[in-house]
Amino acid sequence: MNRIIKKIAVLGSGVMGSRIACHFANIGIEVLLLDIVPLQATEEQLKQPAFRNKIVNDSLQAAIKQNPSPVYSQKVLKRITTGNFDDDMERIADCDWVMEVVVENLTIKQQLFEKVDKHRKQGTLVTSNTSGIPIALMSEGRSEDFRRHFCGTHFFNPPRYLRLLEIIPGPDTEKSVIDFLMNYGDRYLGKTTVLCKDTPAFIANRVGVFGMMAVLKVMEEMQFSIAQVEALTGPIYGRPKSATFRTADVVGIDTFVKVAQNTYAACPDDESRDIFQIPAYINTLVENKWLGDKSGQGFFKKVKNAQGQSEILTLDLNTLEYQPSTKAKFAALDAAKPIDNLKDRIRTLHATGDKASEFYNKLNALVFKYVSHRIPEIADELYKIDDAMRAGFGWELGPFEIWDVLGVEKFVAWMEQHGTAPASWVKEMLQKGCKSFYLVENGKRKYYDARSGGYVLIPGMDAFIILDNYRAQKPVWQNSGATLHDIGDGILNLEFHTKMNVVGSEILEGIQKSIDIAEKNYRGLVIGNDAANFSAGANIAMMLMLAIEQEFDELDMAIRVFQNTVARIRFSGIPVAVAPHGLTLGGGCEMTMHADVAVAAAETYIGLVEVGAGLIPAGGGTKELALRASEKYFKGDIEIPTLQEMSLNIAMAKVATSAREAFEFGLLRNGIDKEVINGARLIAEAKKQVLSLADAGYVQPKPKSDIRVLGRSALGSFYVGIASMRMSGYISEYDEKIAKKVAYVISGGDLSMPTEVNEQYLLDLEREAFLSLLGERKTLERMQHILKTGKPLRN
């Protein structure tokens, strides 16, 4: 059966329901969002449709106002229709999928499913977003067709950003339904879909909450403070910035307690069950209603100090009083901080021999023992646990992957020396000579399968290109900032690996060299990486140093090299795709704009932000927006408004908060560039696009010489608008100066009438403007401020 989802009904508009509705609207699906009629109401109020839909409408509006936003673009909201259970339940007959997202109460869910069963059409998918209620219990008493099409679909909050989607079949769920949901979640919703068993808390919450409870146990044993634990369990170890206690405050301490208590009650045979018992101080927090962000205080409390400035206080767990935060100091942290590679950093953190190393070893002994015993209880395949923890809890490496980093045999020995041991299958694996949970052969990743006693290919990975699988092989070429891999079928991939993938001479050399090699022996090139961000832009520190030393000849040469390199991405003899994701700023944005095709992850935050550093884009970004405005004129767009819209991208340092918004800004091209919802598929899709261009008979493009620029006819309008913003106090005097530089370049200079110019003419203008601003004291101040704080300065 070819199942197509055109419309979904989301039943329940709370925190999760409204955000799930938004994410389906993100991908183009019509959404019917329903909730209850307000319980306390007068007879007159109940006659008013607006009042009857008050709960659902208020919930949706609250979701829309959240930062970060649940939607790719405000335009997608028109796909969401609201209603209520009493008046609109029969409308689910028009839906292809009905998803329940109401309160975690079995009786309420069963009552709702009775109504769903009455109104749904045969074959409609019905799923629940439950985080732990058994799937089998929810479908009891329902029709046979309902049960065959019923499944758990557990999203994680916030649904747009957290990648995990757990699929939990019931006892009667058809295999075709499971297969459809696994594929749909991956390809259309952009999720890491993990097939779970119907066990308490499924996979991610079972392991993730255990991990947090294990932190509390080791913390209490070692008498560590909250500040010390937060320093050890955050980004330094490949975990989210929210670490342990900040995560609990965000989720809600009461929610955290409820999951732990439910798991304790539901798992009488769990060998580590006692870890789920709640410490007395946390019970006290719940009694005091210190529940975290929702109540204004939890493990942390935000207050105003004597100077009227905001300050975050930290709870002292011994006195239950809030104290000013202190910085944790450990030798292991000092040794690990300079190390960029996470695996090397983890090894260092465990090997230093101080109290931090002891903490990590004790914590991982508990976690490794636990996850090994969950095979086969919650999953038959160990990679599912790692997938769930990476996608649902934001771990950069899953527990079995970390165990591999530390050495399985070595850490098992440490565990046994300290009175604990993993599940028996781990020792059996080692006895067979299998020394790791994963291995890579011929670019394919395999996992150890406890059932067969050997290594098995991870299923479904043929659709993905994972660069880590190529790193064990000899690269085609590399330097200190970039590596060129052969990813098959005559296609190369250039990945960056500078800090934040900042673009300096190493990356520029890498691009030029990669195109040289590809033009001689290959069919095409992808410029893409699997770091957190594609590129945070050009190397400001290098430019600042040269500007302070007034080495303007060197700066001029550096800008020319940058411009020429970015131009070569477009004007090469082979097709080049750029695959942006995450932060794609400044020079990273300019590379993207010059690709034959940009293949952007939905979660791409892209923009020309140079104004924040007191500069204008000079790697072809300003030129490119002038060119794109010119192309719009020929299609009938009104000239000056179109150019003003393009220039605002630069002058306001606008950053698109999604690929969808980047299309609206004109940074990505409709009909040419592509959006990929699942970022894990990005490089594979970029490779596919390059092959398509090569197969079609790629012809090297030539620089344009017919770019229509407006000269003085646009400059006058720009200058009036800029002066008005300055007089109204929206921009500073120096912002005004920069904005005029932007206007001058994007208008083509002080030309007496509209004229056609070539690309090099505009590149020269933007380079000259860039260099003139580098000679200004206030630009240097802005650059220094960014390097110091990471934030722009408006001076």
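Grid points are joined across faces, edges and corners, and a volume is the space filled by probe spheres set on the points.

I worked on a predicted model, in which local features need pLDDT of at least 70 and side-chain atom pairs count only at pLDDT 80 or more, while totals for chains, interfaces and linings use all residues. Residues are numbered from 1 along each chain as its sequence is written, and side-chain values use heavy atoms, with hydrogens and water left out.

**Entry 1, pocket.** I looked up the second largest pocket and found a volume of about 1,000 Å³. Its lining has 40 residues, with A536, G537, A538, N539 and I540 nearest the centre. I sorted the lining into 26 nonpolar, nine polar and five charged residues, where Ala, Val, Leu, Ile, Met, Phe, Trp, Tyr, Cys and Pro count as nonpolar, Asp, Glu, Lys and Arg as charged, and the others, Gly among them, as polar. Among the elements that each supply at least two lining residues are α22 (540-548) and α32 (777-789); helices are DSSP runs of H or I with at least four residues, numbered from the N terminus.

On the α22 side I noted I540, A541, M543, L544, A547 and I548, which meet L780, M783, Q784, I786 and L787 of α32, contact meaning heavy atoms within 4.5 Å. By class I listed ten nonpolar, one polar and no charged residues here.

For α29 (residues 712-727) and α30 (residues 733-746) I read axes within 10 Å and a crossing of roughly 165°. That makes the two helices roughly antiparallel, a term used for angles over 145 degrees. The α29 side of the contact includes L715, F718 and R726, and the α30 side includes E733, E736 and K740. I counted nine nonpolar, no polar and four charged residues in this contact.

Technical notes. Axes are lines fitted to C-alpha atoms, for helices over the stretch in contact, and angles run from 0 to 180 degrees between N-to-C directions. Angles under 35 degrees count as roughly parallel, over 145 as roughly antiparallel, 65 to 115 as roughly perpendicular and the rest as oblique. On a 1 Å grid over the protein atoms alone, a cavity is a set of points where a 1.4 Å probe fits but cannot get out, and a pocket is an open set with protein on both sides within 12 Å along at least five of seven lines; lining residues have an atom within 4 Å of a point.
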